[in-house]
Amino acid sequence: MVELRAMLEKLRSEQGIEWQEDGAEIKIRMKIASRRQRIRVRREGSEFVFSTGVHAPDAMDGGAEHRRRLAIRAWTRNSKTELVNFMLDETDHLVGEIRHPADHLDAEELAIYLRVLASDGDRFEYVLTGKDKH
Amino acid sequence: MIRIDLDLARELIDFQGSSRKGIATRRRAITSSFSESQLRGAVASYNMLAENRVAYIADEVGMGKTYVALGVMGLVRHFSPDARMLVIAPRENIQRKWVKELRNFVRNNWQVIDNRVKSIQGRPARQPTVCNSLDDFAHELAVNADRDFFLRMTSFSLALKRAESRRRYRRQMERHLRWIGGWAIRARSERRFRRQYGRALNLLIPEIDLLVVDEAHNLRKGFGSDDGKHVSNRNRILGLALGHPLMIDPKHPQYRPRVKRVLCLSATPFDDDYGDLWQQLDVLCSGDAHVGRAGDGQALPLRVLACPSAGETEKRRVAANLLLRRVTHLTIGNERHTKNMYRREWRHGGFRSFDDPIKFENPRQRLIVALVQKKVAEVLGDERFGNRFQIGMLSSFESFLETVGNIRPESPQAAESAAEQSDSGHIQGTFDGRQTQKRAEQHGADTGVLNALIESYREHFRSEMPHPKLDAAVESLASAFETGEKALVFVRRVATVGELARRLDRQFDKWVRRKMEAALPARCDEIDALFRRFERDTRSDKAAQFSGSTPGPVDVQGGEFISGVDDDPGGRENFFSWFFRGEGPDNVLSGAAFQKNRLSNIGAVYSTFFEDDLIAWILGRPDDPLAHLAAQLCLSPESLESQLRELAWGYFRIRTKRVKGYPRLYVFEAYQSAALHLVAESCAEEAIRAKEVLKGRFPEHTGEHGNAPAGFPQPDLSIGIATFFTELVRHPQLREDLWPREAKGKGATFAERLQRREQRRELLSAMSRLGAAYIDLYLLAIDEAGSFELKRAAGPEATGRDLARKFVTLLAEQRTHSGFHAFAELKSAADAFDTLIGVNFPNIPDAKLSELAEQFGRGLQHQNPVGRMSGRVSERTVQQFRMPGFPLILISTDVLQEGEDLHTFCRSIIHYGITWTPSAMEQRTGRVDRIDSLVQRELDRREQAAEPEEMIQVHYPHLEDTVERLQVKRVLQRLDRSSRLMHETAMRRAHDPRIDKNREILTSMDLPAPVRQPLESAFPVRDEWLKGVNDERTVHKVDVRALTELLDGFWDRLRWDLGIDRLGQQQPLYREGVVPVTAEGAVGLTASHDTDGRRSGAPRQQLVRTELRSAGIDGVTFVRCSSEIGLLDLSQAQTVDQLRRLQLRNGRPRLCARRQTRYRKHALSVEASLPFDLGTTQYEEFREMVSRVAEQADKLEHELLGVDSDPFRPTGEARRG
């Protein structure tokens, strides 16, 4: 995490991203034109997991059937894009994730991950909800 | 965007392109200067976009605006890698052409692999996505907006009159935007609905960095005012979707302009008013833009263009900061000829002698014309028309055939569907295209009275009413059958297409009959009987008699045919389609029967007629190739025969599984490949060339031996035989004309020369079998057979030698005669081979030799002497019109007006039905006046002055002393005015597409003379637009070789580490192999062995694929690893629920689902990717990714499907869940 913090600090000065630590997680705020997207980073075993929220369950209508459609939509979207894994998590949140071995993450990879995760997540959120909650 | 200079752009783009580098020196010089001009256009446009946000490429027709625009798009993407782009083409054929051209441009003209424009695979880095409707567009935007989208204008022409249609569009939109709420698109009126629909679509569209609009002049009616009255749905919905500022409303905060920069393309950006420019840009949300000169800081509002009080000079100054127009010219006789000088305009209507009017043949014609004039005058005098008519929209000007105005209308649903697909959102009626809102005018003001006259004439005289203009046109066009000069005819009335074509078909029938009688003077009675039968058949309604329902003639050996010739149903439009195509008439050795059963059938006697004796060629064409081969290989004749038989039989068994008979073509291939094999394996100096030929021409050959049965033919029936090509090479001059040898210089390898040699051979072969040249060949065959009777033709003992010799002799004779014959057709194709490949067969350069026959065959079947087109574009007819030979005449409504290249062999354009705007007229003429046209190839840089008939012929047929003269005069005046506005100062005049008959007839009937002075563009590419930064460091390049070497190293290590043993495809950018996985999920060598190294039971197997690819993300190369799970039915709730559970339980794999329409299921896979960089990517990351994907995919396959499928079996066959 020490190296990650250093890399984030560098991105703060170069690209103006905002980040802060929240317990075991790091929270990052990214600007995408007039919108924003939040990204969380946590460590799971030997990996860093970068994740962003897209769609919360309380906003969903249609119950289980709607969630199934959403899951298929996420998997279909995955097939047409690179990097981000969109899926419904344990709490039925639609999230986007990128995983990378923690020991081998470098600054260029981090910058790409944050940018792609934020823009893809924000676009998906907008298409699904028209809102900018995450 | 920062402005760039020419040198920097030159680092990135070469408009000459890699595909054109093999062409002749003179042509190369032309393309070299032209490509520099293209580059200047692209850089100036790019810099205008950087400076002003808008640019308009208004080059003359046929100068390659698409390529210039692709250059601009490339530059934008290279220097702004995240830029989103949207291209709007006028209609479907042009939309698809854009995507084709984009791929060609990236492959041939974009110089660097940058992962921004050109991916490491050599393809567009961002996937081009064609959208067939707005619904499709909305769907694709929701899936992934970071792609390049290609739309067509007709998609915006929603048919909204019916409530059911509006409901359908609403449902579609709500599916994509569930959150906008049902109230958002509820309007009951058409105008309010389209506003709501356009606004909703706007919500889905992300910011577009560059919008490219092809043929933007179509939008010149503008966005309209607040209420949008009198504006087409197309313009209105397009403007709303892009976020037109007029519709910004605080109640809809998410509605906003989406377009940052706009690039328009059109050779005819305005008719006779600069205000048209503003109207178009206003639809595209750029009406408020300001444009300034390069770098001088003074920007003028675009709105000036539409301001009635602004003067022409002021408007021109604004337009000059926006518009770029390059003027083409040919250098003929050392003089510069602009288009007005190398086009010969027949303005006075006639065809016979230059600029004479059409002559009336007899008093009856004159009387009929007078009567029709009187009736038309009476109709126009009606209060509905007020003595005025729409230009080009009087039926009587074109023909006296009953019009489709009388035909029962389609169902409303079908009509609406057609409206969306049609060129202008207009239901096809009497005329193609939309010019007037009035229904009576749409169907032709005079249609009713004309139909009554026709009926009355028919009743009284028992014949069709003559039409002098139609008769003169037919007489003139029919000369094409004698001369081979192609003609493109544009009409307005849909019915005229059929009527003109029918009359020309009859002329063709007469021509072909004369030809047959001249070739077979002893068979005139039989020919007469054939034509009588043809007339009976074409009058009969029993079409099924010849349309494939009857069995083929009996003298055939099986039913296998050479690729690409077996699915032509024939036709009955004319003698050619009845007799020479499809099945042909029964019980006669028709052209069709000879083609199908003697030439194209693999067992037929002439099946090798168009082959070349390749082994003889490799050996230097000795008199006795078998004896020469034996000597070369130091073998006795018996030993050679024995070895050849064994090898040939081995090949034959691979080639066919048939148990009866030995088809001649396969036996020929078998012996040819066997002989080539022996030479390739020998020490002879021809060994390397033999190996190349073997590899390219006979890819199935494995060198397998076998004991040939006694009945298997001897080698002398396949080696040393006579074919058309072996005979052709005996006539050196004829050979150079038709099948020129590929020069050895210029660094071309033998394989490359072989490739082009075979391409040329297959093209000649396909043309001789399927087009006009075939008539000559067939007549020789009948002459040899001595009859048209089915059984009398050459028997199995015939070798084809005589026919080949006769055909070559005939071609040699024809060589000394002008006119239209087989030699002329084949020679034209040989001369323009590179051009033809470029425009008609772009896949041929990359095709395998064994695929050439099929590709040429598919493109050249279904030929017709007269092509016809209305409603929609037939790609095949267009492609064939670009060839020499059939169709010699192409008759079309406005559907071919834009976008299609028809210039390769046509120099004559006939505006039979005149159209109403200068832009439309110019677009039509522009179909044949393009870069690399027939006229350019013949005349450019020629020292000798051009003969008048060598120029582009532009006809405006009409009858003098009729009201038609008025409309020709009006259109020519506007054409001249439009041209002056583009090239010099002109007066602005109010435009009205209607003609006041009484007023005009009182003024002079004289037609304006065409301008003869060289044209100079008023909007040239000025040097100030070519200045900008030149920093080579800004050019991004990817070191593909180093990346592939890195992947190579990683993969080799991985194979060892994970125990990957079964390897699939191993290509520089792609690797696949099978990874062992234990039931517990452990991956790799350790998975299948215990700690002592003993095997711990058979592991499961999982195929993994790793591929280097670009995703259009900032020039980054990714390595993607994927592994298939199988086909799953995701419409089943329990399957989706189970998959979700497994995804969460098994390490959250990145699941990818692709819809497989064929199986109505989804193909599921696990995929992961990683930025792949020389400096930062480490083997451990790569290994971790592959292991994880293999493990996760295997677990899901096991738990979902309960199987461990063979990894190399296709998903659809083996892995259905």
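Me: What makes S14(B) and strand S16 (residues 889-892) of chain B a pair, and in which sense, parallel or antiparallel, do they run?

Reply: In this predicted model, four bridges link S14(B) and S16(B) in the parallel sense. Two strands pair if there are at least two bridges between them, so four bridges are enough for S14(B) and S16(B). Within this pairing, B:Phe490 stands opposite B:Ser892.

Me: Why is strand S14 (residues 486-490) of chain B called mostly covered?

Reply: Buried means under 20% relative accessible area, and five of the five residues of S14(B) are buried. Both faces are covered. B:Lys486, B:Leu488 and B:Phe490 are buried on one side, and B:Ala487 and B:Val489 on the other.

Me: How do you know that strand S23 (residues 1117-1128) of chain B is largely enclosed by the rest of the structure?

Reply: Eleven of its twelve residues are buried, so S23(B) is largely enclosed.

Me: What lies between the two strands of the hairpin formed by S22(B) and S23(B)?

Reply: Six residues lie between them, and B:Gly1112 in that turn has a positive phi of about 70°.

Me: Why is B:Arg316 said to have no salt bridge?

Reply: A salt bridge needs a side-chain nitrogen of Lys or Arg within 4 Å of a carboxyl oxygen of Asp or Glu. The nearest side chain of opposite charge, B:Glu312, is 6.7 Å away, so B:Arg316 has none.

Me: What makes the approach of B:Arg316 to B:Tyr274 a polar contact?

Reply: The side chains of B:Arg316 and B:Tyr274 are joined at 2.9 Å. The limit for a polar contact is 3.5 Å, so 2.9 Å falls within it.

Me: How many helices and strands does chain B have, and what share of its residues is buried?

Reply: Chain B has 43 helices and 25 strands. Of its 1217 residues, 60% are buried.

Methods:
Residues are numbered from 1 along each chain as its sequence is written. Chains are lettered from A and ligands numbered from 1 in the order in which they are written. This is a predicted model: local features need pLDDT of at least 70, side-chain atom pairs count only at pLDDT 80 or more; totals for chains, interfaces and linings use all residues. Side-chain values use heavy atoms; hydrogens and water are left out. Buried means under 20% relative accessible area, exposed over 50%, partly exposed in between (1.4 Å probe, protein chains only). Lys and Arg count as positive and Asp and Glu as negative; His and the chain ends are not counted. A polar contact is a pair of N or O atoms within 3.5 Å; within protein, one must be able to donate a hydrogen and the other to accept it, and residues adjacent in sequence count only if both atoms are side-chain atoms.
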